[in-house]
Amino acid sequence: MLGEKQIREILEQALRASPADETELVLEARDSALTRFANNTIHQNVAEVNTEVAVRVVVGRRIGSAITNRLSAEDLRRAVEEAVALARLQPENAEFPGLPEPQPIPPAAAFDEAAAGATPEWRARAVGAVCRLAEGHGLNAAGALSTGLYEVAVANSKGVFAYHAGTEAHFTTVVMGEEGSGYAHRAAWRLEDLDVEALGRSAIDKALRIRNPRPIPPGVYPVVLEPYAVEDILSWLGYAGAGALAVQEGRSWMNDRIGRPVMSPLVTIWDDGRDPRGLPLPFDFEGVPRQRVVIVERGVPQGPVYDTITAAREGRPSTGHALPRARPQTASLGPLPLHLFMAPGEATLEEMIQQVDRGLYITRFWYTRLVHPRDCVLTGMTRDGVFWIEGGEIAYPVRNLRFTQGYVPALAGVRAVGRERWRLSEGFGCVVAPALLLEAFTFTGVTEF
Amino acid sequence: MNEVIERALNVAQLRGATYADVRVVHRVEQALLVRNGVVQGISQIEDMGFGVRVIADGAWGFASSARLTVAEAERVAAQAVAIARASALFKKADVDIGPPVVQRGTYRTPIQVDPFAVPLEKKLEVLMAADAAMRAVRGIAATEAEMVFIRERKTFASTEGSWIEQEIVESGCGIEALAVGPDEVQRRSYPNSVGRHQMTRGWEFIEECDLPGNAPRIAEEAVALLSADPCPEAVTTVILGGSQVALQIHESCGHPIELDRVFGTEAAYAGTSFLTPEKLGAFRYGSEVVNITADATLPGGLGTFGWDDEGVPAQRVDIVKEGRFVGYMTSRETARQLLRLLGPSPYVTGLSNGTMRASGWNRIPLIRMTNVNLLPGTWRLEDLIADTDEGIFMDTNRSWSIDDKRLNFQFGCEIAWEIKGGKLTRMLKNPIYTGITPEFWRSCDAVCNADHWVIWGTPNCGKGQPPQLAHTGHGAAPARFRNVRVFSTR
């Protein structure tokens, strides 16, 4: 870990040496490790230490950037010079509003000594316990357990200096039997919030319940979605339309819907990079403090999140949602919400099941891809546990289905929202999601298992 | 640098590793992107570091660092051994990587014009010209034009005595036009979608693509799609354009033949495979016109190299021969596992066919597609269309999804045309086709000839935890499939 003092010295020295009119430096450091298992044994165990500095310079209104993972003063000076040389070759970007000015950034707690210090032996023993449990039931466990710390700092020549250190721990497992599989996942920044064995047990329990899955025909069914499936919905709504660039270009599901009730009043979605129930990062990659932005309130889209350039187009302040801008392909995505929350409801999963006469209980979605942006239409598969509900009870497991469904119209039919929420990170960023009961979901195909 | 490598190997052995390899990777990437007539950015990315992979106590360990010093080499090698020992706490059997592989040599991508020597002004001129040509078409709401150039130098050394140096150069480019109607959004891309087409070639590849020359056509097609009829729902004959065939190969053949997936080590993330070992040599994967290879020796392919990241030489391997499934992509370890499972046969040698690649110094190598190719058939595209009484021609991928055993797939394309009486007729929007992998490939009755064959590059193939993006190639020509279910979203 480099620490705030050393990072400040490195970045300030590089800023002083820059000949550009404006200069921005974004440092990301990572010290992480991951233990991967399959067939009830560890097959991959890796560790990484890396630091990357992204340089963005402004010469007039010309912008250039360079990235290096070498930290000496000489290497950083060279990266700045490269960025300046690239900037000088470019035409002026007339709409560039300049780098952001400094703003107060209250710190957000996200560092846990236990997560930072987790050893390969701790990970091996945690994973080993799940493997032994699975083996004891004649099942086959696969998955990954990762721990690590990261530091992010943004400094610019207008006086911005933002620093954040955090930890992360993630666990994912798929437990497979002869005829089906179960799944569990959680993300945390405190190690004590990640109960690996309990997650393993829940995946094992699901796998044991899948015997003789039956095929059912494609069609439109009510569905109870576990929070894993809801994470996919929230992630795609965020990625494919809750950023200002998508709205400004007319390709967002929000276009023509802002201020209109298009989802159930039970649906409220917001982005909050400071909430410790997520994975906090209190500022964005331009050093702007992250604002809490309500994206959908009681079924009514409120508007997207902004970075400096999309905000300037509309004469408003950035909401602090810039992605790293030095890589052009990332910058071209525009601002995105990466800390999404959905408001909880009152129902338990059991109560949701009881409300369904004939429908499906779904653990999660898999390999989802955007088919059409305007309704946020996705196609994907179900995976790791699908059950038929009959008369308010789980009746039997069914084979996996393919769906093709607009996520916006799907959320118009929310009948109940779960009271419990899970912190998940298998999509874009971190999502804190409840379970949902939806009136109708369109399935367009079936597979052979 | 040599001292760092030698010290890491030495320390790993002193700490008890029975095998160790070191990869030092230095990668430079230049990216340019123009969006809506504005240069979004030009970036130069330099990344360097090393990774140490070991077997100790019969288990794998891997550690890596960006700090290229002798002291760090010692720390990282020791950490890799400690991690291997932690892995060994729950091992079931010792890792077996078979007989030693001892290779020494150098490989450099053959290029005509070094893309890093071409002035940035010239690159921007091409992008701006293409972008302007797209924006000149009335009805276009957003445009994007990009180029990427990569030079990766890597040194591989192992305790078995290998020492290999390679320089891989890649060039990629693409343009995209977006048309927005009252309740409709349509996109066209060239030469391929999802950003770009890419090859292990030099600047000559960019010139051959002729982005400005193709820009007006794709922009006009994007606008025309807004008022096109939706693809009808039907079971019909489909002819897929070459880049869509490449995507079909990638998803429904390339991934299921990765032997690590077959053995379950990707189960929790990328999934498993329907091509289980008992099918090897016996399973009818496709029709008799379907011949598929995995070929890391193809000049220009994005999956072309001299040696893989285990030091195994690049090879050409039969995967599907006259429709029959005959080969996997393997690593040293999985090749031995297959041999133990099935015993020796014409399809099982126990030796790796050289497909292990890592996305960088900080990642462990995994089995990755090299260039997985559908070999050319005999048809000219014009003759194939003329031979089709009724059907749909679809081109350029828009969405792709497939189940975790790679059976049920659903792919959407950017554009389609109805075929009536052997002729392309009206344009169709939002076309989607779906099927089950072996049924689909068994319904293939024609593949176009070598004149239509392109080695398409996929620079964004995701696999592994921590995630890795691999660069893969797919030689493909347009092909015809019968009795395919097609429909549209809107």
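Strand 2 of chain A (residues 41–59) pairs with strand 3 of chain B (residues 59–65) in the parallel sense, over four bridges. Strands here are DSSP runs of E with at least two residues, helices are runs of H or I with at least four, and both are numbered from the N terminus. Two strands pair if DSSP finds at least two bridges between them. Within this pairing, Glu48(A) stands opposite Ser64(B) of strand 3 of chain B.

The model is predicted: local features need pLDDT of at least 70 and side-chain atom pairs count only at pLDDT 80 or more, while totals for chains, interfaces and linings use all residues. Residues are numbered from 1 along each chain as its sequence is written, and chains are lettered from A and ligands numbered from 1 in the order in which they are written.

The interface as a whole puts 69 residues of chain B in contact with 72 residues of chain A; contact requires that the C-beta atoms of two residues, placed from the backbone, lie within 7 Å. On the side of chain B that touches chain A, the largest share, 12 residues, comes from strand 2 (residues 38–56) of chain B. That side of chain B has 33 nonpolar, 23 polar and 13 charged residues. In this classification Ala, Val, Leu, Ile, Met, Phe, Trp, Tyr, Cys and Pro count as nonpolar, Asp, Glu, Lys and Arg as charged, and the others, Gly among them, as polar.

Phi of Asp57(B) is near 50°, a positive value in a residue other than glycine. Most residues other than glycine have a negative phi, and most peptide bonds are trans. Asp57(B) counts as partly exposed because it has 18 C-beta neighbours inside 10 Å. The scale counts other C-beta atoms, placed from the backbone, within 10 Å of a residue's own: 20 or more is buried, 12 or fewer is exposed, and anything in between is partly exposed. Asn430(B) also has a positive phi near 50° and is not a glycine. Asn430(B) sits in the loop between strand 19 (423–429) and strand 20 (431–436) of chain B, and is buried, with 25 other C-beta atoms within 10 Å.

Chain B also contains cis peptide bonds. One joins Tyr190(B) and Pro191(B), with omega about -5°; Pro191(B) lies in the loop between strand 7 (185–190) and strand 8 (197–199) of chain B. Another joins Gln465(B) and Pro466(B), again with omega about -5°, and Pro466(B) lies in the loop between strand 22 (454–463) and strand 23 (468–476) of chain B.

An open sheet of four strands in chain B has the order 13-12-11-16, with antiparallel pairing. Strand 13 (324–325) and strand 16 (372–374) of chain B are at the edges, each with a single partner strand, so one side of each has no neighbour in the sheet. Strand 16 of chain B pairs with strand 11 (residues 292–295) of chain B over three bridges in the antiparallel sense, and Ile292(B) stands opposite Leu374(B) of strand 16. Helix 6 (residues 242–254) of chain B lies across strand 11, strand 12 (316–321) and strand 16 of chain B, running at about 120° to strand 16. Axes are lines fitted to C-alpha atoms, for helices over the stretch in contact, and angles run from 0 to 180 degrees between N-to-C directions.

A helix pair comes next. Helix 3 (residues 120–135) and helix 5 (residues 211–226) of chain B pack at about 20°, with their axes 8 Å apart. They are therefore roughly parallel to each other, a term for angles under 35 degrees, with over 145 counting as roughly antiparallel, 65 to 115 as roughly perpendicular and the rest as oblique. Helix 3 of chain B contributes Val126(B), Ala129(B), Ala130(B), Ala133(B) and Met134(B) to the contact, and helix 5 of chain B contributes Leu211(B), Pro212(B), Ala215(B), Pro216(B) and Ala219(B). By class, the contact has 10 nonpolar, no polar and no charged residues.

In chain A, strand 11 (residues 339–342) has His339(A) and Phe341(A) pointing one way and Leu340(A) and Met342(A) the other way, and all are buried. Strand 11 of chain A pairs with strand 8 (residues 269–271) of chain A in the antiparallel sense over three bridges, and runs parallel to strand 17 (residues 430–446) of chain A, also joined by three bridges. Leu340(A) stands opposite Asp271(A) and also opposite Val431(A) in strand 17 of chain A.
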